[in-house]
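Please read the following report alongside the sequence and the coordinates.

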Amino acid sequence: MSIQSQNNPVPIISLTTDFGQKDGYVGAMQGVILSICPRAVISTLSHDIPAQDVQAAAFVLYQACGYYPPQAVHCAVVDPGVGSERRAVAVATSHGTFVGPDNGVFSLVLSAGQVDVIAAVSLTNPAYQRPAVSATFHGRDIFAPAAAHLAAGVPLAELGPPANDLVQLEFIAKSRQEDRQHAGRVIHIDRFGNIILDLTGADITDPRRIRFKVGDRLIESLSYTFADVAEGEVLAYVGSTRDHIAIALRNGNAARTLGIQLGDTIEISYGEKAIENCEA
Amino acid sequence: MSIQSQNNPVPIISLTTDFGQKDGYVGAMQGVILSICPRAVISTLSHDIPAQDVQAAAFVLYQACGYYPPQAVHCAVVDPGVGSERRAVAVATSHGTFVGPDNGVFSLVLSAGQVDVIAAVSLTNPAYQRPAVSATFHGRDIFAPAAAHLAAGVPLAELGPPANDLVQLEFIAKSRQEDRQHAGRVIHIDRFGNIILDLTGADITDPRRIRFKVGDRLIESLSYTFADVAEGEVLAYVGSTRDHIAIALRNGNAARTLGIQLGDTIEISYGEKAIENCEA
Amino acid sequence: MSIQSQNNPVPIISLTTDFGQKDGYVGAMQGVILSICPRAVISTLSHDIPAQDVQAAAFVLYQACGYYPPQAVHCAVVDPGVGSERRAVAVATSHGTFVGPDNGVFSLVLSAGQVDVIAAVSLTNPAYQRPAVSATFHGRDIFAPAAAHLAAGVPLAELGPPANDLVQLEFIAKSRQEDRQHAGRVIHIDRFGNIILDLTGADITDPRRIRFKVGDRLIESLSYTFADVAEGEVLAYVGSTRDHIAIALRNGNAARTLGIQLGDTIEISYGEKAIENCEA
């Protein structure tokens, strides 16, 4: 089953890139999409991914894609390997179709149990590419046309042969091997400086006894929201991104204040006694 | 009367947040909106409000909302109090419906005489929220769904009970108490470094005699536009935002050059003699 | 022939400005457009043009406009001369209509042989402007309304009298006078630090013998894509923007590393012997 079997839903294409908006790259992609599928609703997911940071793009897709309607096509172009042998792929799932380089950018969404993969193809059919494909801008010449044709109802199998063994990001495998009872790893730091861990609420075996050591601060409870602590205080809470544990500083920037960076490990322990009035 | 009594206008939702675009938060909100109201035109008003700066968001809404069609729903999420007791509200007016936290973010638009308030409600009806409401991301779980349902035609009263006594920003009251004959307060500094005052053209009793003291510079007339002065010169003029007086540096950044910050007071006086060739 | 003679295509308006998105200026323009043409698809080409940098805007339009459908109206507002005698214009071409100040912002697109000019008018008819035109924000009061009316099908000639002798950017003329066999000029540096020259692939008489001197580095071949060199190595290649020659640093920022700035000259020579395995 592919998206076009639905009853003509509004075609929706989300874009996630590291292009910024000071150049004409995003405009070129939008122009290509609107030329192929003028009714498409183009939704900017992010153009502010740090340059060539595939992991950051993977996380942002994970934060957002599940909230779009199932017919959405999510086109992500963070593509340091453009023009090399890395494949260009489209992956149809139970909730959204993903179009981009096969460099792991979709591996977090695809491995998190959010969606079931239905089929994946290599984008090799020139009929669904721009007539002249450049060596350095596949976003415009391969991915935008593929996304637009898929949104317009072209069956996935038309775009190329099946693609197996999609690339996985290394941090996902690493994260799985770790001892979740004693440590969490920082997988994202957001605009506000909130620190998001690879642990979710389900990993916390006893929320009333959990303790976090973050930099030089000890957090001795799991809070419900920012307002549970005083201004300038640090808190841990079950965050809004798929129940991942997050660490914040009320009305401040936790990562900057505590000197925490992406990939850092946060020590976890369980106290002897439960602390009262703390919420899971 | 609420928006759905109109003859099926295009549903329009503007978004104003402090989320930036490096995370997936804006995408999640767009996804929620498109899931509920796929025909919605989502218009980015700003995602670059400084983090948690409610006053800046209030000003940006004031600059822009009046130019949208009356059916537009303006959803603003600058929400330092998320998860606390602060109310979530929707306010229907003669020109646009406003959805966001009740923290004063709409108080400038609502108090400026631009629009008449028709009704306001507390967004408490879970039927118009996401099934699981997080403690820290009401933009996705409460405000985006409310905006989408309102844009799709759900009557305001369905979303919750009436909400009275909406929160006002403090600076509005302060600004009103001041002596407009002797001082203006800086309420916004724009991207170009233009300095916008809380005074409007109507506050200037004699445009031909007005003088402004800004940092160490004396401005002795009211100009019509940038080109009225030489490059590098400072000018005061009736700005494009609702006739507010603004101070600029031709082809330069006035705020940076003059060392002016938000909230600063600018001295005003009226000269003895009118200066010729100066325009109001 | 103007756009409205086509069979009711989706109205598309691209926006290119130096407004950033922290103020309400972009929102005001979008509101004006949606009030006049609610069905318009508004496509953000860029709001991150450096303040008042007409040349940068001209380049970004050149990178992107050709990929939009021919009915698109491209509205560009980088307008240091707003309120002065500079004209406001609309230019209908074989591929897109251009609306903005007559300050050269469209001169690169119009002179590059991409499009044929059909007609140009001065935007003087008040029926297609906002009722009160400010002195400092023609984006909202003149250009957005003109773009919306044109996208909605108003004939170009309705908007004002013919406009001849559109302003050209100086760098275009300069660039043409140069000796393309010995030097290239930097006309754009993109977000990644890639350096784009005013030379195109067609200017390179012998791709197998070409040499580039960039800062202290000598590049002795023309590469196909980034992956042709090792990480940290510099390469020259035929870029994705209309075959312009570009210089990049694999997985790094070439302009920053090599100390190259806009307008710099890059020395070119032709080696005695062809280098093998180098691709044009």
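## Helix H1 of chain C

In this predicted model, helix H1 of chain C runs over residues 25-36.

How many of the twelve residues of H1(C) are buried? Ten of them are, and the helix is therefore described as mostly covered, given that a residue counts as buried when its relative accessible area is under 20%. The buried set consists of Tyr25(C), Val26(C), Gly27(C), Ala28(C), Met29(C), Gln30(C), Gly31(C), Val32(C), Ile33(C) and Leu34(C). As background to reading such a list, an α-helix has 3.6 residues a turn, so residues three or four places apart point the same way.

## How the chains are related

Chain B can be superposed on chain C by a rotation of 120° with 0.0 Å of shift along the rotation axis, and the RMSD of that superposition is 0.0 Å. This is the relation of a three-fold axis. Within chain B, the C-alpha nearest the axis belongs to Val41(B), at 4.8 Å from it. The two copies use different surfaces, in that 10% of the contact residues of chain B recur in chain C.

For chain A, a rotation of 120° with 0.0 Å of shift along its axis likewise gives a superposition on chain C, with an RMSD of 0.0 Å. Val41(A) is the residue of chain A that comes closest to the rotation axis, its C-alpha being 4.8 Å away. Here too the copies use different surfaces, with 9% of the contact residues of chain A recurring in chain C.

## Ser122 of chain B

Ser122(B) belongs to strand E6 of chain B, which covers residues 117-122. Is this residue buried or exposed? With a relative accessible area of 11%, Ser122(B) falls under the 20% limit and is therefore buried.

When neighbours within four places in sequence are left aside, the contacts of Ser122(B) are with Arg87(B) and Ala88(B), and with Leu159(B), Gly160(B), Pro161(B), Pro162(B) and Ala163(B).

## Ala202 of chain C

Ala202(C) sits in the loop between strand E8 (195-200) and strand E9 (210-214) of chain C. Its relative accessibility is 74%, and because exposed means over 50%, Ala202(C) counts as exposed.

Notes:
Residues numbered from 1 in each chain as written. Chains lettered and ligands numbered in written order. Predicted model: local features only at pLDDT ≥ 70, side-chain atom pairs only at ≥ 80, totals over all residues. Heavy atoms only, no water. Least-squares fit on C-alpha atoms with pLDDT ≥ 70 in both. Contact = heavy atoms within 4.5 Å. Helix = DSSP H or I, 4+ residues; strand = E, 2+ residues; numbered from the N terminus. Buried < 20%, exposed > 50% of the residue type's maximum accessible area, 1.4 Å probe, protein only. Expected span 1.5 Å × (residues − 1).
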